[in-house]
Amino acid sequence: MIKGISYLSFENGLSNNESIDSALIQTQSNGFDALELSVSNEGVINTNLSESECGAIRQKINDSGVFVDSIATGMSWGISPTSDDAEVRKNSIKLHQDAIRVASYLDCKALLFVPGVVKSPISPEIVRYDRALDRLREAINQMLPIAEELDVDLCMENVWNGFFYSPIELRDFVDSFESDKLGVYLDIGNLIGYQQYPPHWIELLNSRIKRVQIKDFQENFDWTGSFSFCDLGAGDVPWKETVSALKSIQYKSTIIAEMLPWDETILSRTSVAMDQIFGFK
């Protein structure tokens, strides 16, 4: 397993405005081996980048020595492939197809994407579950051939989108496409927010897990309680059991920390916590 940090950690929210040079320097100076990039419809890394522009970015990455083989996009939050608006769905599919191409141009082997929205605290639209499922299938059917052609893993993230809150449903949905290019980008911390046990998801999804992202989550349940994402190790994720489950499925790729919101010491704190949790040092 390779210790990495998400490009989102360097951004101002989701504005995609941190320079690649700065992100690479901060990655190395805080003891990380890998960096996960972020692509959007605007910003530093965007869906309109040419192959030559991506080649220049890749050269900077190669010169730095930082390991970069995945890229994430949150475009579905605002432009969802499951929207009730047909034009929004069409635009979302096109943007995600372009994101796959940008991933390939950057020599990234995996793209994290949000598989649409049914209901979410960060998206205003509410979509009926069965319609969202059908629309996501249609979108993936248009995205997957490009991913297969360009050898990019198309990775569905488990997020707070009112969708795929069962590992069995997610497993069976992935299997229904019969393609080894479709898989899961498992976010460990997101599971805690809807009362799930990460080791069981890991066991059930097994080799379908293409990449892993981590954060921690703390819940105080007393009928008038509160919840929040928090520093790694300070929340309710059962880290010992989770690491054991990842080892049991022989997961050997990146462990990417996605730590938001930004503060001046979050990268150094996260690096130390990952060393303690995963035994990187």
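## Helix H4

At 1.5 Å a residue, helix H4 (residues 129–150), which has 22 residues, should span 32 Å, and this agrees with the 31 Å that separates its end C-alpha atoms; the expected span is 1.5 Å times one less than the number of residues. Helices (H or I, at least four residues) and strands (E, at least two) are DSSP runs, numbered from the N terminus. This is a predicted model, in which local features need pLDDT of at least 70 and side-chain atom pairs count only at pLDDT 80 or more, while totals for chains, interfaces and linings use all residues. Residues are numbered from 1 along each chain as its sequence is written, and side-chain values use heavy atoms, with hydrogens and water left out.

At Met143, shortly before the proline Pro145, H4 has a kink of about 30 degrees, where the bend at a residue is the angle between axes fitted to the seven residues ending there and the seven starting there. The buried residues of H4 include Ala132, Arg135, Leu136, Ala139, Ile140, Met143 and Leu144; buried means under 20% relative accessible area, exposed means over 50%, and partly exposed lies in between (1.4 Å probe, protein chains only). Among the elements that cover these buried residues are helix H3 (86–105), strand E4 (110–113) and strand E6 (182–187). After H4 comes Asp151, whose phi is positive, near 60 degrees.

## Paired strands

E4 pairs with strand E3 (residues 70–73) in the parallel sense over four bridges, where two strands pair if DSSP finds at least two bridges between them. Within this pairing, Leu111 in E4 is the bridge partner of Ile71.

Strand E7 (residues 209–214) is mostly covered, with six of its six residues buried. E7 pairs in the parallel sense with E6 over four bridges, and Val184 stands opposite Ile209 in E7. E7 also pairs in the parallel sense with strand E10 (residues 254–257), here over three bridges, and Gln213 stands opposite Ile256 in E10.

## Aromatic rings and charges

The structure holds 14 aromatic pairs. Rings of Phe, Tyr and Trp (its six-membered ring) pair if their centres lie within 6.5 Å, and planes under 30 degrees apart count as stacked, over 60 as edge-to-face and the rest as tilted. Trp160 and Phe229 form a tilted pair, 5.4 Å centre to centre with 35 degrees between the planes. Trp160 lies in the loop between strand E5 (153–157) and helix H5 (167–175), and Phe229 lies in strand E9 (residues 226–230), so this pair ties together parts that are 69 residues apart in sequence. One aromatic cluster is formed by Tyr129, Phe163, Phe164, Phe173 and Phe177.

Phe229 is partly exposed, with a relative accessible area of 35%, and the charged end of Lys215 sits over its ring, 5.4 Å from the centre. A charge sits over a ring if NZ of Lys or CZ of Arg is within 6 Å of the ring centre and within 35 degrees of the ring normal. Lys3 likewise lies over the face of Phe32, at 5.3 Å from the ring centre.

## Leu232 in its loop

Leu232 is found in the loop between E9 and helix H8 (239–248), and at 8% relative accessibility Leu232 counts as buried. Leaving out residues up to four places away in sequence, Leu232 touches several residues, including Ile214, Lys215, Trp239, Met259 and Ile277; contact means heavy atoms within 4.5 Å. Leu232 and Ser271 are 39 residues apart in sequence and 9.5 Å apart in space, C-alpha to C-alpha.
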